[in-house]
Amino acid sequence: MSFEIVEQKNRSKAGAELLDFARKLYPICRSITGSGIRETLRLIGERIPLKTFNVPTGTQVFDWNVPKEWNIQDAYIKDSNGERILDFQKSNLHVLNYSTPVHTIMPLSELKPHLFTLPQHPNWIPYKTSYYKEDWGFCLAHDQMLKLEDGRYEVCIDSTLRDGHLTYGECFIPGKASDEILISCHACHPSLANDNLSGLAVATFLAEQLSGLRLRYSYRFLFIPGTIGAITWLAQNRDTAKRIRHGLVLTCIGDRSSFHYKKSRQDNAEIDRAVAHVLKHSDPSAEIIPFSPYGYDERQYCSPGFNLPVGCLMRSVWGTFPEYHTSADNLDFLSADSLAESLSVCASVFGVLENNWRYRNLAPFCEPQLGRRGLYHSTGGSAPAFEIEARLWVLNLSDGTRSLLDIAEQSGISFSVIRDGAELLESNGLLEKVEPA
Amino acid sequence: MSFEIVEQKNRSKAGAELLDFARKLYPICRSITGSGIRETLRLIGERIPLKTFNVPTGTQVFDWNVPKEWNIQDAYIKDSNGERILDFQKSNLHVLNYSTPVHTIMPLSELKPHLFTLPQHPNWIPYKTSYYKEDWGFCLAHDQMLKLEDGRYEVCIDSTLRDGHLTYGECFIPGKASDEILISCHACHPSLANDNLSGLAVATFLAEQLSGLRLRYSYRFLFIPGTIGAITWLAQNRDTAKRIRHGLVLTCIGDRSSFHYKKSRQDNAEIDRAVAHVLKHSDPSAEIIPFSPYGYDERQYCSPGFNLPVGCLMRSVWGTFPEYHTSADNLDFLSADSLAESLSVCASVFGVLENNWRYRNLAPFCEPQLGRRGLYHSTGGSAPAFEIEARLWVLNLSDGTRSLLDIAEQSGISFSVIRDGAELLESNGLLEKVEPA
Amino acid sequence: MSFEIVEQKNRSKAGAELLDFARKLYPICRSITGSGIRETLRLIGERIPLKTFNVPTGTQVFDWNVPKEWNIQDAYIKDSNGERILDFQKSNLHVLNYSTPVHTIMPLSELKPHLFTLPQHPNWIPYKTSYYKEDWGFCLAHDQMLKLEDGRYEVCIDSTLRDGHLTYGECFIPGKASDEILISCHACHPSLANDNLSGLAVATFLAEQLSGLRLRYSYRFLFIPGTIGAITWLAQNRDTAKRIRHGLVLTCIGDRSSFHYKKSRQDNAEIDRAVAHVLKHSDPSAEIIPFSPYGYDERQYCSPGFNLPVGCLMRSVWGTFPEYHTSADNLDFLSADSLAESLSVCASVFGVLENNWRYRNLAPFCEPQLGRRGLYHSTGGSAPAFEIEARLWVLNLSDGTRSLLDIAEQSGISFSVIRDGAELLESNGLLEKVEPA
């Protein structure tokens, strides 16, 4: 199957390219609106066919309104010598994301309530936002804050927060069916690598590799600001949402941890089973996590009004690793191998979904004689090999109701071996595919 | 909720009062009929509104007949010197409960078949009964029996076993619904503390504290002789029994063991789940035991013709602790703390049942914007706190079919936090209660 | 019940007889067709009423054709001195089973591709077959092969492979119902003891002991060549197959391992539960294995067109013990005790199936008064004994929908104790048997 190409693709080459792409996106100061996310989408659009949407500030989207557009040119704190002791140009994390503009001089005591640090990790800059309450602030290393001397400081955030647009990108790859597979990544975090340049890179490369393949399903890739982006998309695409059969939120998939998959609200949807199966056969340390209503945009896709079968694939779980939402989630935190393996796992999952047909055994009374078809042993007496076991499982369980994934799960044999067996038996006239109802 | 009052009530005060009440009931020589149980009901009736019922001897109750009424004034064994070597006035356990009257002189060899001891616990007096086969006998410490010298003994049991009545007490506390919660305790054991003065005391205090509260359910407390009392009540209250939605048999809940809850025959009734939930969050060592058709009066409530959702809450399990049915099950075997905690656990269970509503999310498409309602964070970036998680769970799962207990179980969050979340969301117009069908 | 007779039968006597019978069958050179299996059936027919069927070569049976009949008189390899260095008369395993005739002289280099050995077990002769590809060969100890010197060897296999018949035997024991219990053994292996003289011996003795009993079910014992025999029987007995309610394939049940039971494709059929129950109460080390579509003739009975409730009872699992399909699977590998215990386990399983009725409690409201019927204690106060617990379970769960096996499983009490309880309660008018729909 065509998905093998993706799976077999040279891993170290793919890993290096994925990391390069993340490196390219890293310096941009993204937020939920504004030029940062637009520039990000432009770079993604250089690799895949991407349609960009702009939704005006104030548009009602369910219980929410599209917020103002935020843009920032510069920001700094200068000491009494006029020296930039904090400089947005060095790290965009230094600014409380979505800060209102400010330019003033104030004593340290007044400034302090606007400073955010991480006492447990005194050299790291925290990542903080204030989307829904207008405020301004700076983030910095705790050690640096401790060294600040009393005195007056010039404080400047050269930002704008005005009516404008919320921007998101969509890449649609049509398949034979109008049924869709959704891949969703948040693209609103500034210089943070695992969360979520890893997701953006892997999704972009997946879209790239799927383009031009003959596909069963249509695929829709969303590059959106977190929360408000998913809500906006769902509000404006309620009919499209009905066509989503399977979905994945991709985030934090570039670090060195083993995989974690958080199941959809449906708990046992085909996507949940497909991911669990692929991980079981590729990453023995992988963990499957039950659904919970907090996390990333699966929260919205899995809200009860939609209840879409959308899970979330991660390596380290958001919020549980120290580097999360700090300057330590940088490019060094990513591994080219991890990125490549994440790409491969996603491709394998799509391979399961694309090939997860039901078959009917056309010779269901006793076993058919595989031997005379060259599908068995000629000399009896030894245990059947792996592939032959797979054929026997497929024959035994293909009653038209069980899918190949059902058979793979029950037999403990990997999906690709089961699928190969089914295709071989079909070409020998022993199976027929059952069209979905 | 009003149940918090019970739960929060000063534990050490409640414990001391419970133990005092048990102490008051301890000396009475109870049996399945007679003045002992009547006096017990009178003392209970001093605290709660109790209606007493007298059912005549010979009344047919299903496959059984109400037995004769047993009363006892005195009993003793005197040695040849006329000295009371065994004295009912010192312990009512000395008499085989329900003994027929006897007054005679006999040699030790003739007396011995009427003596019951516990060789494994040579200082303890066993508790023995002979309800359904007319007999007489004495129970005593094994050590004492070994010291009995040959010779003639005067044996006297000044009892009567005559047509009379079986007596039981009922305390009914009306709630908004005619649906009932049943609490049943056997009140037929003489000077035994854990089995079952503990149950009587806790049930009495529960009834006391529920009185005057605005209740969803009506509550029916039964203080009855074991087995025949439950059978009699069920035979004479078949229509009332149909209104029982949840029920608990309370026994052996005053000792120092962790809790054991024996599930109803339905195995997964709301009462079973409510008790399991409360114990999971309050007593990590608690054990849930599957239903079995032996034990206390849950046997009758769970007989197949009734199949009521009635479980049995215990600390030590009847029959498994050495003190069971011996003089060592005395007031020292009780702990004031344990009694108070048992009271609190029962109140929490009722709190779950009273508040276990189903809600419908009125903003089911994506998450509603909790932030602008002051129900969320203002500054993003950190993991949601406990209460916020509870709100998200309630919103996500409130589709009108899941109860708050369902949500508490799935989320792993305690019922009271879930309930608080639901009430807050309801008062914010985000949820509506679904009336039961 | 009559099955007790079988169960209680003196084990050491039964074991010795079973082993004797296996010894009698051991020397015969069986194959899937020919005089070896016919002679085997003749010896079985000396003990039980056996009907023999001969199906002509070429008969189509589903996807297969009945193969030619194979017979062999002699076979040997002689060295250049004319000495038999390999002699079929010493072990029929020396010939590749189903070998075509050959008589020629050839150098060692030409002979070698026709020699089969087991390098890991250099003293054992492997058992090899070539049923569906015409070929000839010899099997021998690896050590012996290494000692063969260059030179010319006279090679002779005096066999015939001609149109003839496939032969199998059937023993039918009628019961009250036309519903059948199937017991199937493959009878095609030459001098191999555990696989499957153990199965043949136990099945023969079971049939012997069932004959003449008043039985609920009819029993059908099949002694057939593996694979092609089961396929042939199913092809020619499709209507009979519809009457099979429970079934067991018996193989490898004479060695010293604990039991392994491979479940039917239905996974939770009554036979699966009956065997699991009997093993749980008789062999704590027994293991229950899920269904898989490879193994012995359960493959055919459990093919999706039939999907019969037929499991496979083994001690050591085929293919997993070193002696499997080698000369080390000889009479010493069998244990008389194991054979006797296997017989007893099968009899107990049939005892469960024969007695697995549903009952209805005729006094379902509260417990009936067992005491006045002599079915309980006269002196209260101690935990009910085993048999009384069983009676309470039966009364509590006999609502007409649960079978005695359901009750045995839920209570954890062995089936025979539950059944005794039910029969006692029935004879006391407290239960009535529910006729199957």
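This is a predicted model: local features need pLDDT of at least 70, side-chain atom pairs count only at pLDDT 80 or more; totals for chains, interfaces and linings use all residues.
Next I asked which residues contribute to the chain B side. Asp63(B), Pro293(B) and Tyr294(B) supply 25% of the area that chain B buries against chain C, more than any other three residues. I then looked up the contacts and found 26 residues of chain B touching 24 residues of chain C.

On to the polar side of things. I noted 13 residue pairs in polar contact between chain B and chain C, both partners at pLDDT 80 or more. The side of chain B that touches chain C draws at least two residues from each of α7 (228-236) and α10 (298-301) of chain B. I sorted the residues on that side of chain B into 13 nonpolar, 7 polar and 6 charged.

How many salt bridges cross the interface of chain B and chain C? I found 3. I looked up the one that joins the side chains of Arg372(C) and Asp63(B), at 2.7 Å from N to O. Asp63(B) was already in my notes as one of the three residues behind that 25% share.

Then I turned to Arg315(C), in the loop between β16 (310-314) and α11 (336-355) of chain C. Is Arg315(C) buried or exposed? With a relative accessible area of 2%, Arg315(C) falls under the 20% cut-off and so counts as buried. I followed its side chain to the backbone oxygen of Ser338(C), at 3.0 Å. Beyond four places in sequence, Arg315(C) also has contacts that include Asp255(C), His260(C) and Glu341(C).

Definitions and conventions. Residues are numbered from 1 along each chain as its sequence is written. Chains are lettered from A and ligands numbered from 1 in the order in which they are written. Side-chain values use heavy atoms; hydrogens and water are left out. Contact means heavy atoms within 4.5 Å. Buried area is the accessible area (1.4 Å probe) that two parts lose on being put together, summed over both. A salt bridge is a side-chain nitrogen of Lys or Arg within 4 Å of a carboxyl oxygen of Asp or Glu. A polar contact is a pair of N or O atoms within 3.5 Å; within protein, one must be able to donate a hydrogen and the other to accept it, and residues adjacent in sequence count only if both atoms are side-chain atoms. Helices (H or I, at least four residues) and strands (E, at least two) are DSSP runs, numbered from the N terminus. Ala, Val, Leu, Ile, Met, Phe, Trp, Tyr, Cys and Pro count as nonpolar, Asp, Glu, Lys and Arg as charged, and the others, Gly among them, as polar. Buried means under 20% relative accessible area, exposed over 50%, partly exposed in between (1.4 Å probe, protein chains only).
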